Structure formats: C-alpha cells, structure tokens
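Dear colleague,

I am passing on the structure below, together with notes on what came out of the analysis. Please read it alongside the notes that follow.

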Amino acid sequence: MIPIAKPLIGKEEKEAILRVLDSGCLAQGSEVEAFEKEFADFCNANYAVATSSGTTALHLALLSLGIGVGDEIITTPFSFIASSNSILYIGAKPVFCDIDEKTFNIDPAKIEKLVTEKTKAILPVHLYGQPADMPRILDIAKNHNLKIIEDACQAHGAKINGQLVGRFGDAACFSFYPTKNMTTGEGGVVLFKDRKAYEKAVMIRAHGMKVRYHHEILGYNFRMTDIQASIGREQLKKLPNFNKRRQTNAKFFFDNITNPKIKLPKIKKRYEHVFHQFTIMVENRDDVIKKLTEVDIGTGIHYPICINEQPLYKSLGYKANLSIGRRVANKVLSIPVHPSLSKNDLRHIVRAINNL
Ligand SMILES: Cc1ncc(COP(=O)(O)O)c(C=O)c1O
C-alpha cells in the first residue's frame, strides 16, 4: 500500500535522540533552545517558542497576544479543527468566513463584512501548504487594527513573492506532527514579531513563571522536550530537500494527470506551495477511494466536514451557511505526494487516476 503520509527518519535523528538520552536532560533544555533559534533563523523571524504540539502553539499564540473572552476572531471553516478550537479555548468566538474555491483558503473578499466592534484578529490557515492571500489579509487587518495569527501548521517553508510564511502575522504557528513536512513526533512552535508577546508566551508555556516556583500569571505546561527538539533540528536541515521532493512529485502529477474528471489544485502566481497535501476534487469520491484502495493507493479526506458543521459547533449554535466550504468538503481527496514516493509509485498513482 502506498501510504498517504510517511515520515522520513534517518540515522541523524536516531543519533540525536541517543545523544539526548545519554545527556540525562529529557525535558526542555538546551536542544529546545537551539531548535527555537534555528527555526526562527530559517523563517527569518524575530522570536520562536517551541511547544508540545501545533494545537498548543495556537492556544499559546492567542493567550500571548492578549485576546480573550468575548473577542471575535475571523477564521476559515475549512481546516483541521485545532485552528478554530484554539479560539474556543480562550473563551473567544470563531467567526467563520467562507473560502475561495480555487485555493481552498479563506476568501479575503468576504472577510471585511464580518468585522464587528468585537473583532480582534484574523486567523488564516495556509491550507495544504499553499499560503493564504496574506497581502490582502494584511491590508484588512491594518484598516481595522486587527492582529493576525497565521496557522502555518501545514506550510513550513511556503512563500509569497519569496517571503516565507510565518513573517506576515503578529504570530505564526507550526505543527511537527509526523504527517507534516517536517516532524518532531508531536510538537509545535510559535513565531512572534513582538518581544513582549514572546516573553509572555515563554511564561505561559511554563505555568506562568519566570523565576522557579514564582507564578505570576495563569500558565500551562505547553513545553517541548529535548528529545523532540533534537529530532526537529535534524529534520529542519532536511526540510528544503523534503519540500523540493514534494514539489517535484506535484509537478509530475500536474504534467501527467490528464483525466478530465479530475480537478487538479490551483497554485496562485508567485506563491510557493510546499504540498503538505496534493488535493484533487472529484465528483464520485467514495467510488474513487474504493478504486484507488483496490490498487494499493492510500488517500485522505482533508476535510470531510467544515468546522461550522461539526457536531461540537452545531451545539454552539453555528449553522451550515457556508456554501463553498461545504461543496469543497464533499469533493476533496488527497493523494500521496510525500518525499518517500518512488518514481514507480508516482507512475502507478498517475496511471490509476487516469484510468478512473
Ligand atoms: C491546519 C492545522 N492547524 C492545527 C493543527 C494542529 O497541530 P497538532 O496536530 O500538532 O496539534 C494541524 C495539525 O494537524 C493542522 O493541520
């Protein structure tokens, strides 16, 4: 079976883990500090705070930017649920803005009419590895004095006009879950522009303390371990090559999938997509999944239900009122694009899709 995702772990990561185990420092220590610096440098960012997951990175970013109970944050309904649940965690209200059918990302043309007196921030997601329309989102945020939190959990290394994601917003969050473009097992990181927000995040990550056992504010245990960070440091060195292979695999699909029943993803001009997922649109999805499974090709649905239509959100009073998100959710299908694919795998996938 060709899996839909496969982390690539080499001897470098294994040696790094052993180095940490031998050091006796298993929790947050010098490896985390080094990883933060290296990740911030890679993204050209001012400050980085490593966390236990992408979800805690989002939660921490919102807490550190001073957003809280009763505030509204405009976000996309078409994402993994963590991007919106992080808003619920802090007692704020996610306000869902429908997506652009071509890019699957939040539609900037629809954001402005959702802004109210309570709106404090916009939380775009760079879905599947393609950046959201940050130039237009930045303009809207500036006009209404809103903060921006980028959910870059699927977009390590993606760019707009040569500028890396993670530098557009007041904060940007990444996930290092094993299916992502680079991994630490579980893990995440928040990048900040502002020193004050960064310092607050460092405190909140460790139970609100600067000095050991002196707790100034309410905090959590959102820490990454040195074991995770040591894997991340090795993966970060490999990330440019991993992304290149994902892009080469995607190009093979663009050049060779000719079946008119398949809608291929659209990439915006001057946007560098890093293909966390290669997601096509099909009319008869169950049938396509069945046929691809029969020839040992794994697939994934990212995501079958928009967040505003999830049972949790329905119970909170949200309605199924976003027609583009809903239409897309019924048709999307991700096929393997990860760097472990061989030329034979790629040819097999193309043949199977062209024969549908
Ligand atoms: C868009 C998006 N946001 C947030 C997350 C949460 O990250 P994690 O699974 O590391 O908590 C993910 C990862 O699955 C994601 O894809």
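**Notes on the model**

The protein chain has 11 helices and 12 strands, where helices (H or I, at least four residues) and strands (E, at least two) are DSSP runs numbered from the N terminus. This is a predicted model, in which local features need pLDDT of at least 70 and side-chain atom pairs count only at pLDDT 80 or more, while totals for chains, interfaces and linings use all residues. Residues are numbered from 1 along each chain as its sequence is written, and side-chain values use heavy atoms, with hydrogens and water left out.

As to overall form, a compact globule of 356 residues would have a radius of gyration near 21 Å, and the protein chain agrees with this at 20 Å (taken over C-alpha atoms; the globule rule is 2.2 Å times the number of residues to the power 0.38). Along the principal axes, the C-alpha atoms fill a box of roughly 65 × 55 × 40 Å.

The ligand sits in the largest pocket. A pocket here is an open set of points, on a 1 Å grid over the protein atoms alone, where a 1.4 Å probe fits, with protein on both sides within 12 Å along at least five of seven lines; a molecule sits in it if more than half of its atoms lie within 2 Å of its grid points. Around the ligand are 15 residues, of which Gly-54, Thr-55, Asp-151, Ser-175 and Lys-180 come nearest (a residue is near if one of its heavy atoms lies within 4 Å). Helix 3 (residues 54–64) gives the largest share of this shell, 3 residues.

A polar side-chain atom of Asp-151 is 2.7 Å from a nitrogen atom of the ligand, an N or O atom in the side chain of Ser-175 is 2.7 Å from a ligand oxygen atom, and for Lys-180 a side-chain N or O atom is 2.8 Å from an oxygen atom of the ligand. Of the 390 Å² of accessible area that the ligand has on its own, the protein covers 92% (Shrake-Rupley method, 1.4 Å probe).

Two backbone details remain. The peptide bond from His-302 to Tyr-303 is cis, with omega near 15 degrees, and Tyr-303 is in the loop between helix 8 (285–294) and helix 9 (311–315). His-207, a residue other than glycine, has a positive phi near 55 degrees.

Best regards

Note on methods:
Polar contact = N/O pair within 3.5 Å; in protein donor to acceptor, adjacent residues only side chain to side chain. 1 Å grid on protein atoms, 1.4 Å probe; cavity = no way out; pocket = protein on both sides within 12 Å on 5 of 7 lines; lining within 4 Å.
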